[in-house]
Amino acid sequence: MRITGAQALVKSLEMQGVDVVFGLPGGAILPVYDPIIDSPIRHILVRHEQGAGHMAEGYAQATNKPGVAIVTSGPAATNIVTALADAYMDSIPIVVITGQVATSSIGTDAFQEADTTGITMSITKHNWLIKDASEIPQVVKEAFHVATTGRPGPVLIDLPKDVSNQMMDWYWPDSVDLPGYKPNVKGHPRSISAAAKLIKEAKKPVFYIGGGVIRSGASAALKTLVEKCNIPVVTTLMGRGAFPDDHPLCLGMPGMHGTYTAITAMQKSDLLITLGARFDDRVTGKVSGFAPEAKIIHVDIDPAELGKVRRADVPIVGDVKLVIEELIEALDKGEAGELDYSITQEWHDQVKKWQEDFPLRYEEDPKDGSLKPQYVVECLSKLAPEGTILASGVGQHQMWGSQFWHFNDANTWINSGGLGTMGFAIPAAIGAKVGRPDKMVWAVDGDGCFQMTAQELVTASAERIPVKIALLNNAYLGMVRQWQEMFYEERYSEVYLSPDLPDYVKWAEAMGCVAFRVETPEDVIPTIEKANQINDRSVVIEFRTDWREKVFPMVPSGATNDEVVLGPMFEGR
Amino acid sequence: MTNASPNLIPMSMPGGKSSTEFGYHVLSVLVENKAGVLARVAQLFSRRGYSIYSLAVAPTDDERFSRLTVVVDLESVTLEQITKQLHKLINVIKITEIDPRESVQQELLLAIVAADTQSRSQIMELAGIFGAKVIDVGLERLTLALADTPDRLDDFTGLIKVFGIIEVQRTGRVALTKLARPSTRGGMNRGKAS
């Protein structure tokens, strides 16, 4: 069958099982947009290419399937760079297809030409510049393979316009040809035994759970392992939901704005069972002072993560789900003796005491009647149907979202952890809703973030993708304001945004959303209930929250995790 | 091979130390011979903050693959982290660390040396001792070529400096692991290749 390269691309996406792509057409990608008309693949027309990238990420995070975005060359490619960098940091499988100028024009500074493969080399797992239409099916198959196997991540295919127009003989490859790419998925048996032995001997162990557990679909296996070992669990910002917050062994999030108990339990532990986490600086604080007495079991599918930040006593390269299953088997076999729950009893008592003494707190009944952002998130969480997905931007609202929402399922918390991309929430929520139309999708957003990507709510309205946005409007770039207050002697530099410029309600309505403004605590629950009833349109609730509110606990930058600042609620104790 | 006595060679000159004393490691990296592969390797080094001391690249006998010989400066980062990050590149097939004692290493040097009628014969004599070739001759200059171990090139450079080097160009080393062979005299095979 003779078809064009563009037809071959669309057909290859169909063969790959793609049901939706996020994109925006333009000159160099024009040939590809013609066969899209005839394809069963749903195309969602975004308003900015960055939105297409984040939607693909949101889709992938909600479904564990690869998200796909198609954009044109030059400025479109550079617009999607942020999403690629974001997906690379957080190991999100997305496939981005960019148009490119004709092969004969490459290198001539042609109109809308950019060195896309060069620019994206260090923020993709791999990228391809296709020079001949016959390569297209092979490259598409390889691109999806690379994006979704091993440590997942973004890939990019750069497709010159003349290659799209070139005729080729259609084929679908049986296999990939990647001699240098063989991710190791099974843990080494000797390491598994060594890990089992450490687990049995530990008196103060903690499970340190990262996003890898969600990417590998290991939540159920993890629950079995945790309950078998009876060991407390912390879930990182990327790992929220991998283990249920409602479980008695869950201590919540560790790190800079984690719970006192999660931070301190890690810090004082004698064994960190690290599954799919990477000792990020926001988790460890000052690395040289991090968990000084802890032995480390470190399981990761990416060998480069083992020993990158902290030397592991037992490093295990493998898919965390398979390794968890292997660990369960090794413990069941009793290779290193039976599990003795009594040796951790003192530890559990200590952890429980920390939980009782230092819970997450905020002023629940402020005398001045101000609206606390933490209260908003708490109400959102309580009123949300089971399995609701929460997307988030980056900043204070993200931390409150992670702290005060109860995550009980994997793939229900979608945020930008590693790169910290402001404006992530709205497009990511839209992508998540496209992937999981059966679920309610809320986004918690800040006023700074909202102004970066709000235009995608036009996409949501036009494409009938109903998402709900809780905009915590404190009229500031709040996290930056918090740092200026605490570390720059209250010298506020360029952080004030104004509460009513723009008018968020009018703006949301102009984009086809239902919009509400909430200014008092009394209105919070009724308005959220109203929003939860609306299923045919997107909803924006603007909450005018107390601008003075800061995120606590906090481990100041550069400090060790022994120096947790608990905040005003614990002053005078 | 030349039979120059080791005591002819001044060992104290800069660059005269062996690679490991300087914290250098030699990696032999087999890569797929695809467009941009060198850029990927180079960008990885710069992105992760590793420094390349020298880099040589050429296709192997199998045209699908190329071999890079990278000499890396290990001041700031472990060799393990570099090799693991390199392995993450999809086009990297195999990475071998080349132990200087267990490998053969060669590098090519081209040097233009000032050579008037008085010094010319001395220079040619020195070239002869080192096995360097005279590959170009001008009125007042000679161009010499020497392929040998990096240490020997350092030594040679130090000696011809006396006559006045106009320009010098080195390729960076290429290296392969020594062939296994039955040892008849204990550790003698582990001696310096010369």
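Buried residues make up 25% of the 194 residues in chain B, where buried means 20 or more other C-beta atoms within 10 Å of the residue's own, exposed means 12 or fewer, partly exposed is in between, and C-beta atoms are placed from the backbone. This is a predicted model, in which local features need pLDDT of at least 70, side-chain atom pairs count only at pLDDT 80 or more, and totals for chains, interfaces and linings use all residues. Residues are numbered from 1 along each chain as its sequence is written, while chains are lettered from A and ligands numbered from 1 in the order in which they are written.

**Chain B: elements and domains**

- Chain B has four helices and nine strands; helices (H or I, at least four residues) and strands (E, at least two) are DSSP runs, numbered from the N terminus.
- From the N terminus on, the order of elements in chain B is β-α-β-β-α-β-β-α-β-β-α-β-β.
- Of the contacts in chain B with a separation of 6 or more, 77% are between residues 24 or more positions apart; two residues are in contact if their C-beta atoms, placed from the backbone, lie within 7 Å.
- Chain B is divided into domain 1 (20–100) and domain 2 (104–176), with bounds from an automatic or database domain assignment.
- The centres of these two domains of chain B, taken over C-alpha atoms, are separated by 28 Å.
- Nine residues from domain 1 of chain B and six residues from domain 2 of chain B form the contact.
- On the domain 1 side, β1 (24–32), β2 (51–59) and β3 (65–73) of chain B are the elements that give two or more residues, and β2(B) gives the most, with three residues.
- That side of domain 1 of chain B has six nonpolar, three polar and no charged residues; Ala, Val, Leu, Ile, Met, Phe, Trp, Tyr, Cys and Pro count as nonpolar, Asp, Glu, Lys and Arg as charged, and the others, Gly among them, as polar.

- The domain assignment of chain A gives domain 1 (2–169), domain 2 (189–357) and domain 3 (373–544).
- Between the centres of domain 1 and domain 2 of chain A, taken over C-alpha atoms, there are 37 Å.
- Six residues of domain 1 of chain A are in contact with six residues of domain 2 of chain A, and the domain 1 side divides into one nonpolar, three polar and two charged residues.
- Between the chains, 15 residues of chain A are in contact with 16 residues of chain B.
- On the chain A side, α6 (116–120) and β6 (126–129) are the elements that give two or more residues.
- The chain A residues that touch chain B divide into eight nonpolar, six polar and one charged.

**Helix α1 of chain A**

- Helix α1 (residues 5–15) of chain A is mostly covered, with eight of its eleven residues buried; among them are A6(A), Q7(A) and V10(A).
- The axes of α1(A) and helix α7 (residues 136–148) of chain A come within 9 Å and cross at roughly 35°; axes are lines fitted to C-alpha atoms, for helices over the stretch in contact, and angles run from 0 to 180 degrees between N-to-C directions.
- G5(A), A8(A), L9(A), S12(A) and L13(A) of α1(A) make the contact with I136(A), P137(A) and V140(A) of α7(A).
- By class, this contact of α1(A) with α7(A) has six nonpolar, two polar and no charged residues.
- Just after α1(A), G17(A) takes a positive phi of about 85°.

**Nonpolar cores**

- In the largest nonpolar core, which has 195 residues, A69(A), I209(A) and A470(A) touch the most other members; a nonpolar core is a set of buried Ala, Val, Leu, Ile, Met, Phe, Trp, Tyr and Cys residues joined through C-beta atoms within 7 Å.
- Helix α18 (residues 425–435) of chain A gives the most to this core, with seven residues.
- Apart from neighbours within four places in sequence, the contacts of A470(A) include V376(A), L380(A), W442(A), I541(A) and F543(A).
- A second, separate core of 14 residues includes A115(B), F130(B), L146(B) and F156(B).

**Backbone features of chain A**

- A cis peptide bond with omega of about 5° joins L501(A) and P502(A), and P502(A) lies in the loop between α21 (478–487) and α22 (504–510) of chain A.
- S498(A), in the loop between α21 and α22 of chain A, has a positive phi near 80° and is exposed, with 10 other C-beta atoms within 10 Å.
- N230(A), in the loop between α11 (219–229) and β10 (233–235) of chain A, has a positive phi of about 55° although it is not a glycine.
- N230(A) is partly exposed, with 13 other C-beta atoms within 10 Å.
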